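User: Please take me through the terms used for this model. I want each label set against its cut-off.

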Amino acid sequence: MADKQSTKPPSGTRDFLPGDVRRREYVIDVVRRVYERYGFEPLETPAFENIDTLLGKYGEEGNKLIFKILKRGEHEGTGEADLALRYDLTVPLARVVAQYQNELPKFFKRYQIQPVWRADRPARGRFREFYQCDIDSMGSTSPIVDVEILSAVSEVLVTLGFDDFTIRLNHRQLLAALLESVGVSAAGQSDTLVALDKLDKTGPDAVIKDLESRGFDHEKASRCVNMFASDAIRTTTRLPSPSVFAAANMSQLSRLHQDVPEASSILDEVQAILDMSADTQAAGHVLLSRSLARGLSYYTGAIMEVGVEGIGSLGGGGRYDNLIGMFLGRDVPACGFSLGLERIIVVMTERNMFKDALSLGSADVLVTMWPDADDAIRRDALALASELRAVDLRVDVYPEPDKLGKQLRYASDRDVQFAVIVGGDERAKKAVTIKDLVASSQETVARESAPQFIRERVDAGQRTKNPEP
RNA sequence: GUGGGCGUAGCUCAGCGGUAGAGCGCCGGACUGUGGCUCCGGAAGUCGCGGGUUCGAACCCCGUCGCCCACCCCA
């Protein structure tokens, strides 16, 4: 044996054991079906991109967090990189849209569920390799697009069993107008937003201090904070009622009209999104929040972020009307949203939201192998397994001549409900004994009727576990 | 990157200067054609790694690596 190596996966990555994969696939399946219902089409892109495709799209912080791939050969020693792992699914999409502009429909809508990589420091619910579930709509500036995306995301969360999520909504141009109104010029705005984004978490005093450390005098910092501190509802409020949100949104809108009257056309757009959302699955979940900033630099219009109590955010998105232009040379308007698969799973696991059916065993039936089995018996067991599989049962065959008790314990430990026992007595009678490990009962039935016998009992069990609504 | 905590059996952890422990899990037996419950027995650790102090270090000191929490940022 070689020296013991660490067997942990690299920090920020995980192995997914069978139970994990089943839960992930369940969530992905819900996401995919909802997105399909909204007319989005699937897309996949490579794990890595040319590095120039990614650089300069995410802002300064984003650039630093890109996983770079060193050049091979003579450049290996220099640390130079020409490829990089994808950082999100939006920039690769923009590249694809520019590349295949003539083959894609005018209003291209795609979903994409793939891993992305960030050279970040891992934390609770934050990984260096994680899955995003993205939807994006290209080609239209209409707020209908934004609203459909909000609705689709809401429908995913509702279908998964969430009822207390809040989607905060804001607008980049509105943020710019608000900052302008307190004397922050375009150059200092992104820095200021980073500080203001924390209003919800750290409170106004901490943000004022932060701004002062970024070179603001106290008076200007206070003005900034006051301008942004007027979100009516803390987003951490659990189970906010739709009427509370509606009232809060109305009062927020009227205050915004007072604070930045020059931004009235933007406010109209925001209002249109809010109004139309009321008739979709997003109804009662959207909260206009003037302090929402979001880190990615490519957003140009509406921005949104969805969260629930107990975790940073489940996903976010917004409108980016200039990003495709960086590849294409002419702008194509676009709006998208990204749900974080593992964030959703972290919360669902904590809240016990996965159905029992997901924890069902690895197989329905274990065919036991007699300890003194001769060749004929082994072949008979395999033939029986085939017959059971023919009725779509999941069948495992015990491979070694262990004592029967050990074989049954193996089935029991792995949550396999049925064991088929074919011994000398049964063979003589052309019969099998079928033991139900859950009900602790057993019955000897004719060999030829065994598949149907088990099939019926498995079906009955599933009806109990998953009653039709 | 900053601050705090933790690394001891497969897992969760106790021990905090005097020969390495418990619970759970694992293996075997009681139970030669029947899992779970019970009982009996067993295997298992260079106490993260390196150095120092000491008659003696899992324990104290220094360094180092790894993990966790908070900040930061985000999905």
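This is a predicted model: local features need pLDDT of at least 70, side-chain atom pairs count only at pLDDT 80 or more; totals for chains, interfaces and linings use all residues.

Analyst: Residues are numbered from 1 along each chain as its sequence is written, and side-chain values use heavy atoms, without hydrogens and water.

User: Why is the pair of Tyr 58 and Tyr 87 called tilted?

Analyst: Rings of Phe, Tyr and Trp (its six-membered ring) pair if their centres lie within 6.5 Å; planes under 30 degrees apart are stacked, over 60 edge-to-face, the rest tilted. The structure holds 8 such pairs. In this one, the centres of Tyr 58 and Tyr 87 are 4.3 Å apart and the planes stand at 45°, so the pair is tilted.

User: What makes Tyr 58 and Tyr 87 count as buried?

Analyst: Buried means under 20% relative accessible area, exposed over 50%, partly exposed in between (1.4 Å probe, protein chains only). Tyr 58 has 2%, so Tyr 58 is buried. Tyr 87 has 5%, so Tyr 87 is buried too.

User: How do you know that Arg 118 sits over the ring of Tyr 87?

Analyst: The test asks for NZ of Lys or CZ of Arg within 6 Å of the ring centre and within 35 degrees of the ring normal. The charged end of Arg 118 is 4.1 Å from the centre of the Tyr 87 ring. Lys 109 lies over the face of Phe 40, at 4.6 Å from the ring centre.

How values were computed:
Chains are lettered from A and ligands numbered from 1 in the order in which they are written.
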